[in-house]
Amino acid sequence: MVLIVPFVMQLLISVGLVGYLSYRSGQEAVQNLSERLMTEVVERVNLYIQQNLQTAMQINKMNIEAVRSQTVNLNNLAEVEQLLWVRIKQFETVTGIFLGFPDGTFRVTHRRNKERIEGMISDSERPERLTMYLLDERGNRTQELFSLDPFIIQDTLWYQGAVRDGAPGWTKSFQVGKLPILAVNTYAPFFDSQAQLQGIFAVNVGLTLIQDFLKSLDICHGCRIAIVDEDGWMLATSIDESPFITPEIREKTDNVGNYHGSFQRLKPSESKDHAIAAAAVHWQTLARDRNTVTRSQFRWEQEQYWLQLTPLDIEISHPDWTIAIIVPQSEFMAQIHANTRITIALCILALVIAIILGIFTAGWITRPILKLNQGAKSMTQGEWHQKTIVESDRSDEIGELAQSFNLMARELQVSFETLEQRVAERTVELTESNQQLSIAKQKAEVANQAKSTFIANMSHELRTPLNAILGFSQIMTRSRSLSQEHQENTTIINNSGSYLLTLINNILDLSKIEAGKMTLNANKFDFYSFLNEIEDLLHLTAENQGLTLIFDHEDHVPQYIYTDETKLRQVLINLINNGIKFTSEGGVSVTVGTQKESSLNPPFESRESFQRRESHEKATIIFEVRDTGAGITQDEMPKLFEPFAQTETGKNSQEGTGLGLPISRKFVQLMGGDITVKSQVGIGTTFRFDIEVEVVNKTDIETQEKPRHVIGLQPNQIRYKILIVDDRPTNRLLLIKLLQPLGFELKEATNGKEGIEIWEKWQPHLIWMDMRMPVMDGYEATQQIKGTIKGNATAIIALTASVLEEQKAIILSAGCDDFVRKPFRESIIFETMKKHLGVEYIYEEESQSQTGTELSSLTVEDLQRMPTEWLEKVYYAAKALDDDMMEELIVQIPVDQSLLAEKLTTLVNEFQFQTIRQLLE
């Protein structure tokens, strides 16, 4: 049975799978055929409808052209009637042509049938009175048929549509008079030279012709076509069915075709054809886009149907109609079902034959195998000398198997005894090794946690004082009162602080890399501009040392790429700086290329081809930094990329920390490449590395504005209130010195609790919040403020010295609106406030053109708006040259006098105390 079942199952599965795939293939082929059939029918219907609708629109164009060319005089109504009669005789597919005027008069030519044409005119004295005449073969009136009063032409659908749109268009479907037929009107207004409405031409298109065309299409016996308007009413079908529900139509129709009963429009779901009705019920359940083709299937009375809903798609203006095609699957699937039945019968026959052959074959094979199985069971019980007896006449593979089995039993006995001994020894060794590994793992985790804690604490403790050093040095460089010597000293302080910050960041980067926390922060940028910026940055350094700096890149290097711009810049600057530092004569050259052609790497196209590429295409960029310096000995090569290791030349220069190359190598590896180095002592050194990038389009690049120096606030703004919460006085003083000269109203707090108290009373617009403080830290203070309704109106910006990315997520989740790291650049502070408050600044390059007349022109009238006591204090401060006291007095200026505060701030910053004193005197 073990052999029979798999054999039978394989056969059954194979035959069944072939039959199923054959059935599915036939079904898909039939479905594709039906879809092509439905698409072809839709195209034919679209073409026919376009011909009829285009004819109607062309008649309007011809009539308007006749008016504009003065072929027809609108004041001569006889000429107008003759024109309408000629047009309706000329185009047999239209049932009526109309001309309406703004004064309510009109002319209509209507086709009752092929032999009968009628004319309708309005009374010149009473425009709302309609009179219908029978027209002869020359378009002349012969017999008055009837009159209708009132008949307001402005109430017709085509007149209202033309006035509303002021352009050609189409009405919705409607009943033609008292006739049991549907029609649509196309209208076209025309205007005089002063854009005043002269009149409106309209053409009536009966839908009976479309109904006849659909019935003439021979698709298949059970196929149905229906056209539905935008409101869901039936317009025409391929069966003999009226678009109205009128059971007594024959009894109530007169000899000229007028119907005197009640009309009711027909919905597709109310169709007498069951297939159309069932399809309409089904498509109402579909979530479909009326502007796209929708295909579906439905079942009705054991019959499966294909359904396709297609919007009317023609090249001219047209109504919003939907074409529904219903195709029964039985028209195509009958032969496939017959083939399926034959396949099933063949499968059953093959299964029976396979079972019979399987039983016979299995018995012949399994009998000797059962004997071998019995011997194997005995061996599992330790009977290693068990012999297997097979028929003596079996000299086939089964007999050879029995002999091999006996030999195997003897060898297994020896191997088993040896194996048991080795397993026991190995088990003891593994137990001891696992214990040692567990202890080492615990120690490593504790050390790694301690290292992370140390990095976080040291980062905060080092970056906080650096924030004050760099911040105050930036403020001092802006001062115009410093001497040249003091300016140079301040620049030295700032540069030294920046160098110390770079050293700290290098150590932190190395720690992040070793801890596996360093990630790529990729962005899209212009690679050519990037190279030019680095060349401009380092060109002067090389020139000052009498060296040449040459940048060269191949033409087929992509211009717009996606990778970590910051890390790539750090790598290149480090390598080029090293080359300049250790080169006494000659120069440094930087070459940029791409990976050479191979069977696995096809060549890159030209630069123009790159701009046509799609985004996310991979490319490999290769960099070579070559110098003519002292070179590196072979003994120093192995330690070149070790942290804090320096070559003998580097030690002699007494510059650097030994972290640049290790960090650069880790960054390159993170970007998908590696750094290699070749060097000859006395000749020079070449560093080569490659990175993987994605090629992007020029349109993907975001341009960044260069930071500008803020010198004041634009006039006519509110007086912004800023609260500074920080436990360190230097940090608070730094922000005060930075913001107060611009005219901001400032208050400070030493901890979160004090900050909440000031916020509740003062309601500042923005809070600069330090996150690590005694009493109450910034996290809790932010949560309490943002937990109130009025707290959401205050922007809270976190200030922290932490460099860990996970810390940013924690701070933002506490409720802070933004995040700024210490030490910060002054431009970051100003841009962050602009982002959250909408503050408008005056920048240094604007000072000449925008502030010269606005801010420095302080007048006596400006000062007279303030109290006398306040003016006396200002006079005293100006006389004593006390800028601190002056700044305190400026803070007291009301918000509605912000322009006065800005003018005084400008004069104080420029030390124009004499000007202030003279105005007060």
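## A cis proline, ring pairs and a surface patch

Pro-150 sits in the loop that runs between β5 (141–148) and α3 (157–165). The model is a predicted one, and in it the peptide bond between Asp-149 and Pro-150 is cis, with omega at about 5 degrees. Most peptide bonds are trans, and most residues other than glycine have a negative phi.

Gln-70, which is not a glycine, has a phi near 65 degrees. Its place is in the loop between α1 and α2 (77–90). Gln-70 counts as exposed because its relative accessibility is 68%, and the cut-off for exposed is over 50%. Glu-301 is likewise not a glycine and has a positive phi of about 50 degrees. The loop that holds Glu-301 lies between β12 (294–300) and β13 (303–311). At 58% relative accessibility, Glu-301 is also counted as exposed.

Next, the chain as a whole. The protein chain contains 24 helices and 28 strands. Of its 921 residues, 43% are buried. When contacts between residues at least 6 apart in sequence are considered, 64% of them join residues at least 24 apart. The accessible surface of the chain is about 50600 Å², and carbon and sulfur atoms account for 52% of that area.

Aromatic rings come next. The chain has 13 aromatic pairs. One of them is formed by Trp-158 and Tyr-159, with an edge-to-face arrangement, 6.0 Å from centre to centre and 70 degrees between the planes. The pair is called edge-to-face because its planes are 70 degrees apart, and the cut-off for that class is over 60. Trp-158 is buried at 4% relative accessibility, and Tyr-159 is buried with a relative accessible area of 6%. Elsewhere in the chain, ring pairs join Phe-525, Phe-527, Phe-530, Phe-623 and Phe-689 into a cluster.

| Lysine | Ring | Distance from ring centre |
|---|---|---|
| Lys-267 | Trp-233 | 4.3 Å |
| Lys-790 | Trp-759 | 5.2 Å |

Ser-238 belongs to the loop between β11 (234–237) and α5 (274–283). Is Ser-238 buried or exposed? Its relative accessible area is 16%, and the cut-off for buried is under 20%, so Ser-238 counts as buried. Once neighbours within four places in sequence are set aside, the residues in contact with Ser-238 are Leu-214, Lys-215, Cys-223, Arg-224 and Ile-225.

With a relative accessible area of 39%, Val-5 is partly exposed.

Conventions
Residues are numbered from 1 along each chain as its sequence is written. This is a predicted model: local features need pLDDT of at least 70, side-chain atom pairs count only at pLDDT 80 or more; totals for chains, interfaces and linings use all residues. Side-chain values use heavy atoms; hydrogens and water are left out. Helices (H or I, at least four residues) and strands (E, at least two) are DSSP runs, numbered from the N terminus. Buried means under 20% relative accessible area, exposed over 50%, partly exposed in between (1.4 Å probe, protein chains only). Contact means heavy atoms within 4.5 Å. Rings of Phe, Tyr and Trp (its six-membered ring) pair if their centres lie within 6.5 Å; planes under 30 degrees apart count as stacked, over 60 as edge-to-face and the rest as tilted. A charge sits over a ring if NZ of Lys or CZ of Arg is within 6 Å of the ring centre and within 35 degrees of the ring normal. Accessible areas come from the Shrake-Rupley method with a 1.4 Å probe; for residues, only the protein chains shown count as cover.
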